[in-house]
Amino acid sequence: MARERSRTRAYIPWWLWVIVLISGLWYGLRYYQSVREGTLSPALPVRVSPGTSLAVRGKDVAIVSGHLGYDSGALCENGLAEVDVVRTIVDQLARLLRNAGARVIVLKEKDPRLQGLRADVLVSVHADSCIEASGFKVARWGKSPHPRRDDRLVECLTREYASLTGLTFVRLHITEDMTDYHVFSKISEDTPAAIIETGYLGGDKHLLTRKSHLVALGIAEGIGCFFKEEPQ
Ligand SMILES: [Zn+2]
């Protein structure tokens with residue numbers, strides 16, 4: 001037995017072992033780099049086309065790209081501006097939703113189309129200040145005429161976003177800026193709506209800028225969850 005095994009090994013030339021070893025190391029290094037750069041997420045190894053299974057087909061989805069066309073939003077010393085970070089996230093979010101069959105409109109912060117807007121859902125996307133803190137927030141209108149419906153949207157966004165990004169939901173930091181957000185009182189009361197602060201430009205910079213695909217997917221899955229669990 002032992003002799004047979006050693007004979008088999010002798011048929012594989014030494015240089016073949018070296019080639020196998022080097023290519024193994026090379027692919028391992030490439031994989032590690034792509035995970036670090038955020039171009040490949042270890043959390044999503046089997047999803048060939050992320051988002052296509054979202055339950056949003058035929059739905060009208062309105063996305064407000066925070067601060068777009070109005071101001072920069074939070075502006076950090078390193079030059080990072082909330083409006084740009086959010087724009088990148090919203091572009092990816094819109095693509096994901098469209099790929100899954102939704103009709104998507106992307107709106108500016110003070111878009112005139114917000115007045116009386118009717119859609120199956122509206123989500124306004126923002127990012128938080130430049131401080132070295134971490135966490136995200138989701139809120140609905142404090143005076144919503146349909147609090148249970150909008151709470152369901154907030155719950156879906158919170159659950160899915162936390163699970164995809166790993167960020168903590170910081171309920172305590174929700175301010176009146178969010179619950180009394182100007183968009184809520186402009187749109188039709190038939191439109192379920194929420195605002196999400198996707199993370200801090202300081203402490204969550206890596207996620208927001210290098211892994212924005214996960215941020216977008218987290219919001220998209222939250223919207224999908226809202227339609228999936230819609231009462232008939
Ligand atoms: Zn903002």
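Reader: What should I know about the numbering and the confidence limits?
Author: Residues are numbered from 1 along each chain as its sequence is written. As this is a predicted model, local features need pLDDT of at least 70 and side-chain atom pairs count only at pLDDT 80 or more, while totals for chains, interfaces and linings use all residues.

Reader: What makes a stretch of the chain a helix or a strand here, and how many are there?
Author: Helices are DSSP runs of H or I with at least four residues, strands are DSSP runs of E with at least two, and both are numbered from the N terminus. The chain comes to eight helices and five strands. From the N terminus on, they run α-α-β-α-β-β-β-α-α-α-β-α-α.

Reader: Why is V85 called buried?
Author: A residue is buried if 20 or more other C-beta atoms, placed from the backbone, lie within 10 Å of its own, exposed if 12 or fewer, and partly exposed in between. V85 has 26 C-beta neighbours inside 10 Å, so it counts as buried. Its place is in helix α3 (residues 82–99). Across the chain of 232 residues, buried ones make up 40%.

Reader: Which residues does V85 touch?
Author: Two residues are in contact if their C-beta atoms, placed from the backbone, lie within 7 Å. Not counting residues up to four places away in sequence, V85 touches L80, A127, L201, L208 and T209. V85 and L208 are 123 residues apart in sequence, yet their C-alpha atoms are 7.0 Å apart in space. For the chain, 82% of contacts between residues at least 6 apart in sequence join residues at least 24 apart.

Reader: How do you know which strands pair, and what is their order in the sheet?
Author: Two strands pair if DSSP finds at least two bridges between them. β1 (residues 60–65) and β3 (residues 121–128) are joined by five bridges and run parallel, with V61 opposite V121. Six bridges join β3 to β5 (residues 193–200), again in parallel, and H126 has E197 as its bridge partner there. β1 and β2 pair in the parallel sense over five bridges, with L107 in β2 as the partner of V64.

Reader: Why do β2 and β4 count as edges?
Author: β2 (103–107) and β4 (137–139) each have a single partner strand, so one side of each is left without a neighbour in the sheet.

Reader: What makes β3 an enclosed strand?
Author: Eight of the eight residues of β3 are buried, so the rest of the structure largely encloses it. Both faces are covered, with V121, V123, V125 and A127 buried on one side and L122, S124, H126 and D128 on the other. For β1, five of six residues are buried, so this strand too is largely enclosed.

Reader: What is meant by a nonpolar core, and how many residues has the largest?
Author: A nonpolar core is a set of buried Ala, Val, Leu, Ile, Met, Phe, Trp, Tyr and Cys residues joined through C-beta atoms within 7 Å. The largest one has 61 residues, and L97, A194, I196, I219 and I223 have the most contacts inside it. Its largest share, 10 residues, comes from helix α8 (residues 212–228). Leaving aside neighbours within four places in sequence, I219 contacts L93, V123, V125, L157, Y161 and I196.

Reader: How do you know that α8 has the span expected of it, and is it enclosed or open?
Author: The expected span is 1.5 Å times one less than the number of residues. α8 has 17 residues and reaches 24 Å from first C-alpha to last, close to the expected 24 Å.

Reader: At what angle do α4 and α8 cross?
Author: Axes are lines fitted to C-alpha atoms, for helices over the stretch in contact, and angles run from 0 to 180 degrees between N-to-C directions. The axes of α4 (residues 147–165) and α8 come within 7 Å and cross at roughly 145°. Residues that meet there include L157 and Y161 in α4 and G218 and I219 in α8.
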